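I opened my notebook to keep track of what I looked up in this structure. Here is what I started from.

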Amino acid sequence: MKTQEEVFATLRQIMSDMFELAPDDIVLSANLSTDLDIDSIDAVDLMVRLRDITGKRINPEDFKNARTIQDVVDTVYRINAD
């Protein structure tokens with residue numbers, strides 16, 4: 001995942017598979033809790049899956065303030081670039 005677009009495409013696929021969400025609902029502006037019904041346990045599961053894919057340790061603090069899909073994409077992109 002070299003670009004933010006690739007991160008978003010991967011995230012969309014993961015979330016669609018893990019949480020049975022329609023890919024069309026997973027847009028950059030979507031709020032994780034109010035639009036997609038992602039709770040804190042789901043977020044932990046997502047972080048574990050992203051760690052498996054990126055091979056990088058993901059600090060829960062990095063996702064503490066993530067509210068939208070764009071926030072997650074930005075965080076994963078930053079972590080992956082390190």
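My entries follow, one topic at a time.

**Entry 1: what kind of model**

I reminded myself that this is a predicted model.

**Entry 2: helix α4**

I began with helix α4, which covers residues 69-81.

Next I asked which residues of α4 are buried. I found Ile69, Val72, Val73, Thr75, Val76 and Ile79. Looking down the axis of α4, I saw these buried residues fall within an arc of 165°, so they line one face of the helix.

**Entry 3: the largest nonpolar core**

The largest nonpolar core has 23 residues, and I wanted to know which of them touch the most other members. They are Met15, Leu50, Phe63 and Ile69. Each of α1, α2 and α4 supplies at least two residues of this core. The largest share, six residues, comes from α1.

I picked Met15 and listed its contacts, leaving aside neighbours within four places in sequence. Met15 is in contact with Glu20, Leu21, Ile26, Leu32, Leu36, Ile38, Leu46 and Ile69. Ile69 turned up again here: I had it down as buried in α4, and as one of the core residues that touch the most other members.

**Entry 4: the largest pocket**

How much space lies in the largest pocket? I wrote down about 290 Å³. Its lining has 16 residues, and Leu32, Asp39, Ala43, Phe63 and Ala66 lie nearest the centre. The elements that give two or more residues to the lining are α2 and α3. Of these, α2 gives the most to the lining, with five residues.

**Entry 5: the loop between α1 and α2**

Glu20 sits in the loop between α1 and α2. Its phi is near 55°, which is positive in a residue other than glycine. Is Glu20 buried or exposed? At 72% relative accessibility it counts as exposed, because the cut-off for exposed is over 50%.

Asp37 is in the loop between α1 and α2 too. Its phi is near 60°, again a positive value in a residue other than glycine. Asp37 is exposed, with a relative accessible area of 62%.

Asp35 is found in that loop between α1 and α2 as well. I looked up its distance to Thr68, 33 residues apart from it along the chain: the C-alpha atoms are separated by 9.1 Å. Setting aside neighbours within four places in sequence, Asp35 is in contact with Ser29 and Ala30.

**Entry 6: Asp42**

Last stop was Asp42, which lies in helix α2. It counts as buried at 18% relative accessibility, because buried means under 20%. Neighbours within four places aside, Asp42 is in contact with Phe19 and Asp37. I also looked at Asp42 and Asp17: they are 25 residues apart in sequence and 12 Å apart in space, C-alpha to C-alpha.

How values were computed:
Residues numbered from 1 in each chain as written. Predicted model: local features only at pLDDT ≥ 70, side-chain atom pairs only at ≥ 80, totals over all residues. Heavy atoms only, no water. Helix = DSSP H or I, 4+ residues; strand = E, 2+ residues; numbered from the N terminus. Expected span 1.5 Å × (residues − 1). Buried < 20%, exposed > 50% of the residue type's maximum accessible area, 1.4 Å probe, protein only. Arc of directions from axis to C-beta. Contact = heavy atoms within 4.5 Å. Core = buried A, V, L, I, M, F, W, Y, C linked by side-chain atoms within 4.5 Å. 1 Å grid on protein atoms, 1.4 Å probe; cavity = no way out; pocket = protein on both sides within 12 Å on 5 of 7 lines; lining within 4 Å. Points joined across faces, edges and corners; volume = space filled by probe spheres on them.
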